[in-house]
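Open your viewer and get ready to select a few residues at a time. Each stop tells you what to pick and what you will find there.

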Amino acid sequence: MIAVRKWKLYDYWLTIAAIVLGAVGIVLIRSATLIESGMSVDVIKQTAFLGMGIVILVISPRLNYRWLGSLAWIGYGASVLMLAAVLVAGVSIGGSQRWFIIGPFSLQPSELAKIALIVVLAHYFSAGPHRVEDIRYFFGSIVITAIPAFLVYREPDLGTTLMFLGIWGAMVFMAGVPFRYIIAMSVGLLCAVFLQLIRVKEYMWERVTTFLDPSADPFGAGYNVLQARISVGAGELWGRGLFQGSQTQLEYLRVQHKDFVFAVLAEELGFVGSMLVLGLFVVILMRASLIATSSRDHFGQNIAVGVTTFLFLQTFVNVGMIIGLLPVTGIPLPFLSYGGSALLATFLGIGLLQSIAVHSQVKTYAMPPVFQVPARARLRLLPWKTQPAEESRGS
């Protein structure tokens, strides 16, 4: 039985915002699939996965995230095996081989691999904080990230590949790796991208050229991009009303309940509704950042940084591609886009944050984390005083 004092550390705002966003996502998916008779199968599946996510949030404070350290490499190895297996025995949809079909559900290993990568990198960086200046230690983290990123790239899934690199970049920076390594790695990545552009796959070139000028192929590659922008503009201030969006209901916008669900939101609930939903994302990112800065051990802090980066990048990239700031990359919007694997991975990330919020104050470690905030202030946004260094080092 979890102690009452730990429930006081449970971040209720984080849970409320996540569940409300999940519910909004189901309503938007229902609207986007309204043309189907009766209840859409996609709505039923998404509701089932939202129920699993709520169960994760209920049991997460009962589990101490620290025991994940002993399972980090096992989870990482399992995720790599699944990514390799999906290239051999996975189902191909739309030219990408990313899914296993399990009964009425489909499983996308790359979504769960994001959480596995976050945990193993957190374990790797927390195991030897004194070694971060060792170049071999730095390259070890590159190898850990490159293996799943390469397998996902082969699916092909460029958006998720870049997501892995983004998570690694944030975690390696927060681990305290010397800045000269990061600069050298950035130059190397730019050279790799330049070389890859020479022999890049056709669909990647298509996305780049579509981003630069979608009107060049209005009935082909640029069609959905243009329709998404029309949907966002049509919503104006208050929107056309739930289930009333012509772009959505007449299916001018394709796959609107998946990667383009934000266009449905903007058309039917307008600028005001979009800002309210984005406000919930801001609440989640703020609470996640507070948990990251207040964790009193490196492992918890690294996990929280990884999850926060994962949520921020996916939200920023998805909304950016809908409003035309970024090219289309196939990144789902957390909580809102249809997809059981993506929703489950998102709630696993929120569950990890809750476990860190509840358990990170129980024990201090030999090496103090980079950022520290006292427990009474960290989740209530109250003023705090800096902890004495001796207190944070513990026994």
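**Stop 1: two helices side by side**

Start in this predicted model by selecting helix 2 (residues 12-32) and helix 14 (residues 340-359). Two packed helices are described by the angle between their axes and the distance between the axes. Here the axes come within 10 Å and cross at roughly 170 degrees. Angles over 145 degrees count as roughly antiparallel, and helix 2 and helix 14 are therefore roughly antiparallel to each other.

Now show the side chains where they meet. From helix 2, pick Leu-14, Thr-15 and Ala-18; from helix 14, pick Phe-347, Ile-350, Leu-353 and Gln-354. Sorted by class, this contact between helix 2 and helix 14 has five nonpolar residues, two polar ones and no charged ones.

**Stop 2: a threonine**

Next, select Thr-160, which you will find in helix 7 (residues 158-174). Is Thr-160 buried or exposed? Its relative accessible area is 1%, so Thr-160 is buried. Leaving aside residues up to four places away in sequence, Thr-160 touches Ser-110, Lys-114, Val-152 and Ile-331.

**Stop 3: salt bridges**

Side chains of opposite charge can pair when their charged atoms come close. How many salt bridges does the structure hold? There are six, and we will visit some of them.

Select Arg-287 and Asp-11 to see their side chains meet in a salt bridge, at 3.1 Å from N to O. Arg-287 sits in helix 12 (residues 261-294), while Asp-11 is in the loop between helix 1 (4-7) and helix 2, so this pair ties together parts that are 276 residues apart in sequence. Arg-287 and Asp-11 are both buried.

Move on to Arg-66 and Asp-297, whose salt bridge has its closest N and O atoms 3.2 Å apart. Arg-66 is in the loop between helix 3 (41-59) and helix 4 (72-89), and Asp-297 is in the loop between helix 12 and helix 13 (298-322), so the pair ties together parts 231 residues apart in sequence. Arg-66 counts as buried at 17% relative accessibility, and Asp-297 is buried with a relative accessible area of 1%.

Finish with Glu-267 and Arg-240, a salt bridge with its closest N and O atoms 3.6 Å apart. Glu-267 is in helix 12 and Arg-240 in the loop between helix 10 (223-235) and helix 11 (246-249), 27 residues apart. Glu-267 counts as buried at 0% relative accessibility, whereas Arg-240 is partly exposed at 39%.

Technical notes:
Residues numbered from 1 in each chain as written. Predicted model: local features only at pLDDT ≥ 70, side-chain atom pairs only at ≥ 80, totals over all residues. Heavy atoms only, no water. Axes fitted to C-alpha atoms, helices over the stretch in contact; angles between N-to-C directions. Helix = DSSP H or I, 4+ residues; strand = E, 2+ residues; numbered from the N terminus. Parallel < 35°, antiparallel > 145°, perpendicular 65-115°, else oblique. Contact = heavy atoms within 4.5 Å. Nonpolar A, V, L, I, M, F, W, Y, C, P; charged D, E, K, R; others polar. Buried < 20%, exposed > 50% of the residue type's maximum accessible area, 1.4 Å probe, protein only. Salt bridge = Lys/Arg side-chain N within 4 Å of Asp/Glu carboxyl O.
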